[in-house]
Amino acid sequence: TSFPLLDLQIPINFFVCISFAKMAFPFLPTNGTGVSSLQLAQARSNYPCVPNIKGQSEPSFSGTFDDLLAQTTNKAALQVQLKNKVKKCSCGKPCAFTLAVCNSCGRSLADTEISYTNNVFMGFIYGLKGLPVSLRYESEDFLCFDDLLAISSAHFNCIPTSVYLPDVRYVLKDPKAGLKLIQSMHDICWQIFVSQFYGNVEWRKKTFKGNPSPEELRPLVITGFNYPPSQYQLHLQFIVPPMMPTHFAMYQQGHHYTHKRFIPFEYIEQVLKLEQPLNQADSMSIGEIIHHFNTLGVEYDAIHSSCYQRYGASQAQLANYDPNDFGAIIVNGTAMYDLKNGAEIAGADVKVVQAADKMALQNYGRPYINSQPSTSYYSFAKKHACPTTLTK
């Protein structure tokens, strides 16, 4: 068996839906829709990577979360900052407690109970032992690092480090200061991308189709905040498409940038520009907040829909994936076939293969040293509980 479809001049981004008629393929659609899905898999391990930068080599605090709490003089304030409310997937990812499906591996969370985990992002800020990052930028007020569970090969998070803001609702209480904060976070991420990623010629040519300029790429970047977050410290998700195979498939299935969970940067920026403080925002549901700003002329549904459509269009516009860089193809998310001879790979664990592909394509911890990611500790670790208001 061969794969003549892969030789056609069609855009194979990471996920291709093809309607089959009477073709002698072993993977005809069986769900009654007349459509099968093909996803490139088994990415080669020497995919171009973008080295991170070096920070502090040793932790500022050598103990655990509990040790830090025991030594502080302000236990009440710090205790709140060190825990997350989540649903922890069997794959290990702490997910927002409102999600029905894990946004890393796609498994159902329907029967997963809510639990509490250590707030890793605040652990970064306090310099705890065992919590280094794949560093992209650091200062007294900000920390930017590669996302360990990357959706694209250029996916990083930016967090403020001189204030504790559990989630995006808190910037609505002080719109002037909130706007300055999120725009600073966005600018930092953009400069990282331009200098470290776009400036890496090998990575750029491999990643993007058509050699787009930074000016052409900027409006295509996926940026925003999650509510509720999986880590309770305000963090801007900055994702430069194209997405990885699994994640573009999950996007098409509606499992990424979820409506009323993903809050596009464009929406929050417009809301804050109204300069209408929402003092009770931290006690409001996201639905109540959206309704409030709808009445003021900033409509979440319209902005989210526009952004969501753009995310998919950006994949088709930019993705440059070459089937020659992959060894297999996943069919309908379950079966896997060898790209060289067309034979089914019996017993293949698709989830394991997808996880390995993420490791091959991501830039977290690059370069690997003795097969381990290279990481650093935050150089400006805080010694006391962070303040909880934006205005100093």
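1. The sheet. Six strands form an open sheet in the order E6-E7-E8-E10-E9-E11, with antiparallel pairing. Two strands pair if DSSP finds at least two bridges between them. Helices (H or I, at least four residues) and strands (E, at least two) are DSSP runs, numbered from the N terminus. The edges are strand E6 (135-138) and strand E11 (262-264), each of which pairs on one side only. On average, neighbouring strands of this sheet are turned by 25° against each other, direction ignored. Angles run from 0 to 180 degrees between N-to-C directions, and axes are lines fitted to C-alpha atoms, for helices over the stretch in contact.

2. Basis of the model. This is a predicted model, in which local features need pLDDT of at least 70 and side-chain atom pairs count only at pLDDT 80 or more, while totals for chains, interfaces and linings use all residues. Residues are numbered from 1 along each chain as its sequence is written, and side-chain values use heavy atoms, with hydrogens and water left out.

3. E6 and strand E7 (residues 142-146) pair in the antiparallel sense over three bridges. Leu135 has Phe145 in E7 as its bridge partner.

4. Helices on the sheet. Helix H4 (residues 175-198) lies across E6, E7, strand E8 (152-160), strand E9 (222-226) and E10, and runs at about 145° to E8. H10 also packs on the sheet, where it touches E9, E10 and E11. The direction of H10 makes about 85° with that of E11. Contact here means heavy atoms within 4.5 Å.

5. H8 against H10. The axes of helix H8 (residues 265-273) and H10 come within 9 Å and cross at roughly 150°. The crossing is right-handed; this term applies if the near helix is turned clockwise from the far one by less than a right angle, and left-handed if anticlockwise. From H8, Glu266, Tyr267 and Gln270 meet Tyr300, Ile303, Cys307 and Arg310 of H10. These contact residues divide into four nonpolar, one polar and two charged. Ala, Val, Leu, Ile, Met, Phe, Trp, Tyr, Cys and Pro count as nonpolar, Asp, Glu, Lys and Arg as charged, and the others, Gly among them, as polar. An α-helix has 3.6 residues a turn, so residues three or four places apart point the same way.

6. A mostly covered helix. In helix H7 (residues 245-252), seven of the eight residues are buried. Buried means under 20% relative accessible area, exposed over 50%, and partly exposed in between (1.4 Å probe, protein chains only). The buried residues are Pro245, Thr246, His247, Phe248, Ala249, Met250 and Tyr251. They pack against strand E2 (35-43), strand E10 (236-243), helix H10 (300-318) and helix H11 (350-361). Thr246 counts as buried because its relative accessible area is 12%. Leaving aside residues up to four places away in sequence, Thr246 touches Gln39 and Gln354. After H7 comes Gly254, with a positive phi near 85°.

7. Tyr257, in the loop between H7 and E11, has a positive phi of about 55° although it is not a glycine. Tyr257 counts as buried because its relative accessibility is 6%. Asn211 has a positive phi of about 50° and is not a glycine either. Asn211 lies in the loop between helix H5 (201-207) and helix H6 (214-217), and it counts as exposed because its relative accessibility is 52%.

8. Aromatic pairs. How many aromatic pairs does a search of the whole structure find? The search finds 20. Tyr257 and Phe262 form an edge-to-face pair, 5.3 Å centre to centre with 70° between the planes. Both residues are buried. Rings of Phe, Tyr and Trp (its six-membered ring) pair if their centres lie within 6.5 Å; planes under 30 degrees apart count as stacked, over 60 as edge-to-face and the rest as tilted. Ring pairs also link Phe156, Trp190, Phe193, Phe197, Tyr198, Trp203, Phe208 and Phe238 into a cluster.

9. A hairpin. Strand E12 (residues 326-331) and strand E13 (residues 335-338) run antiparallel and are joined by four bridges. Ala328 stands opposite Asp338 in E13. The hairpin has three residues between its strands, and Asn332 takes a positive phi near 55°.

10. Cis peptide bonds. One joins Pro241 and Pro242, with omega about 15°; Pro242 is in strand E10. Another joins Arg366 and Pro367, with omega about 0°. Pro367 is in the segment after H11.
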